[in-house]
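User: I want to learn how to read a protein structure. Please show me how to take one feature at a time.

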Amino acid sequence: MYLRSTPRRNKDGTVVRYLQLAHNVWDPVAKRSKVQVIYNFGREDTSNREALHRLVASVTRFLDPDAALAAAADGLVFVESQPLGGTWVLDGLWQRLEIGKAMKRLLKGRRLDASAERVLFALVANRALAPSSKLAAARWVNDDVAIDGLPATSDDACYRAMDWLIEISATLEEEVFHQVANLLNLEVDLLFFDTTSTYFETEDADEAIARDERGRPVAGDETTDEHQVRGFRSFGKSKDHRDDLPQVVIGMAVTRTGIPVRVWSWPGCTSDSALIRQVKDDMRDWTLSRIVWVADRGFASERNRHHLRAGDHHYIIGEKLRSGSAEATEALARQGRYQDVRDNLRVKEVRIREDERFVICFNPDAAERDAKVRDRLVAHLTELIDGTDKLTPTRRAELRGVISTKPGLNRYLRVTPGGLLRIDAAKIKAEENLDGKYLLRTSDPKMTTEDIALGYKQLLEVERGWRDMKQIIDLRPVFHRKEERIRAHVLLCWLALLLARIAETHTGQTWPTLRHELDRIKLGTFTGPAGTFQQRTEITKPQRELLNALQLDPPPRIYQLAPANR
């Protein structure tokens, strides 16, 4: 006896399947085997499936357990096992932010693959779970992981999807930003901005072409004298200490909880100074009720500060203590008591200008570290210059040149009018006054000094974002040479970091920890005489707690069921 499923087509074209218990009997007249139906279970629906489960359990009670297991597994072959948990969670967050919905709408009407949105999700999931080249990502989708709605893809499909992503990127980024703002109830908040660079393992920079102030290529007939001529991958000041290789500059805006809400890409020779003005203009219409921009000392120019004040926005910006500016000197000279705040931080507000507030921050632990570093540098410098009075002027000049290439040592070196090398005691005394201190300036008239100091301290979230982008999402190496593909690659990395950060925010665990636990949710594929089915592994208590924290249902136990053709 066996269970069979028979289809029946209705007049409207729909197909209904019926379950029957049957066995084969020999017809001596026709001299062939015929199917004899013993019992009709009715429609193949959920209720009948549950009845069948009860029937199987009832029959099994009368069988030897080992025999029952052997009968159930007779002819069943375990084909493969693929990680499912990571892609399931990322897809759940992807849908919650309506990224897939937005992509499908923005891509509607274009001549492209029906699976374009699924391919883009797969590329984002690849960055978050197993970063690789787009060729390797296609193999990863086909062979190594289970992605709902995308059983297979190709490297060509991946490249085409990246090209489409660039076409819709401006509108997509804005929609994602508003979804994140709604998810986090972001109305009045801090936005942190910083830049980094990523280099390419090639000796040649890109061909220099005319570009607008945002670094975008300009058509030849639209070129004017105002446009700069430069390549996208070009030489510049590398934040990875690889000035010998061409690079691109990447900017990122991050919320106080570390959620990256947008990224930008510029040619590698772009300086930081003017970028924050472009960033604010790009987000001008992305209306939150109020934004306080937080940036480090590289963006502290007066022009930048004035630009950030437009539209009832405010800023918190670091000020260079060693810049020699009149404001920094006056702020440090003001007397007053420090106020203790949390995280081993002390703050003191000083009034210098009517339209700005200055806050001096002091960290005793950092002051101790600064003093120890300086003591080591001075001791090393003392050793280098000891006995140099006996050297010839030429030899002393050579040593002076060597020391000048080491900023840490050169800071404490003094050269007498006669060319002798000495330790600069006055400089050491001045540096002691700066140990563990940094200076902030803000235009916000209402924020407390504690919130100003701690808000700036959260700028470390951007640095953590860059670190994770490079070490976990694997921003580099970039396996592309075309500008638009490089820009698309940066967008994919941003979306991967966005999903990872949201998962971290809801669970309180780091993404590498989450990724390890979620990858243990597997999808097993089995095949046998009755057909093929996929079943996930049992959900453990830690996995269920993670899914609950993310407000996501677990994957279905039976993921796919394909009866064999009879």
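User: Is Cys493 buried or exposed?

Analyst: Start with the scale. Buried means under 20% relative accessible area, exposed means over 50%, and partly exposed lies in between (1.4 Å probe, protein chains only). Cys493 has 0% relative accessibility, so Cys493 counts as buried. Cys361 is buried too, with a relative accessible area of 0%. One caution: this is a predicted model, where local features need pLDDT of at least 70 and side-chain atom pairs count only at pLDDT 80 or more, while totals for chains, interfaces and linings use all residues. Residues are numbered from 1 along each chain as its sequence is written, and side-chain values use heavy atoms, with hydrogens and water left out.

User: Which residues have the most contacts inside the largest nonpolar core?

Analyst: First the term. A nonpolar core is a set of buried Ala, Val, Leu, Ile, Met, Phe, Trp, Tyr and Cys residues joined through side-chain atoms within 4.5 Å. The largest one here has 114 residues. Those with the most contacts inside it are Ile99, Met103, Leu172, Phe193, Met283, Leu498 and Trp511. Helix H17 (residues 483-507) gives the largest share of this core, 15 residues. A second, separate core has 10 residues, including Val378, Leu381, Ile385 and Leu413.

User: What is Met103 in contact with?

Analyst: Contact means heavy atoms within 4.5 Å. Set aside the neighbours of Met103 within four places in sequence. Then Met103 is in contact with Trp94, Glu117, Leu120, Leu165, Ile168, Leu172 and Leu495.

User: Which residues of H4 are buried?

Analyst: Helices (H or I, at least four residues) and strands (E, at least two) are DSSP runs, numbered from the N terminus. An α-helix has 3.6 residues a turn, so residues three or four places apart point the same way. Now the case. The buried residues of H4 are Ile99, Gly100, Ala102, Met103, Leu106 and Leu107. They cover an arc of only 160 degrees around the axis, so they sit on the same side of H4. The arc is that of the directions from the helix axis to the C-beta atoms. Exposed Lys101 and Lys104 are carried on the face turned away from the buried side of H4. The cover over the buried residues of H4 includes H3, helix H5 (116-129), H7 and H17. Just after H4, Gly109 takes a positive phi of about 90 degrees.

User: Where does Val145 lie?

Analyst: Val145 is in the loop between helix H6 (134-144) and helix H7 (155-183). Its relative accessibility is 6%, so Val145 counts as buried. Val145 and Pro83 are 62 residues apart in sequence, yet 5.3 Å apart in space, C-alpha to C-alpha. Leaving aside neighbours within four places, Val145 is in contact with Gln82, Pro83, Thr87 and Trp140.

User: How many helices and strands are in the protein?

Analyst: The protein has 19 helices and 20 strands. Buried residues make up 44% of its 566 residues. Its C-alpha atoms fill a box of roughly 125 × 60 × 55 Å, taken along the principal axes.
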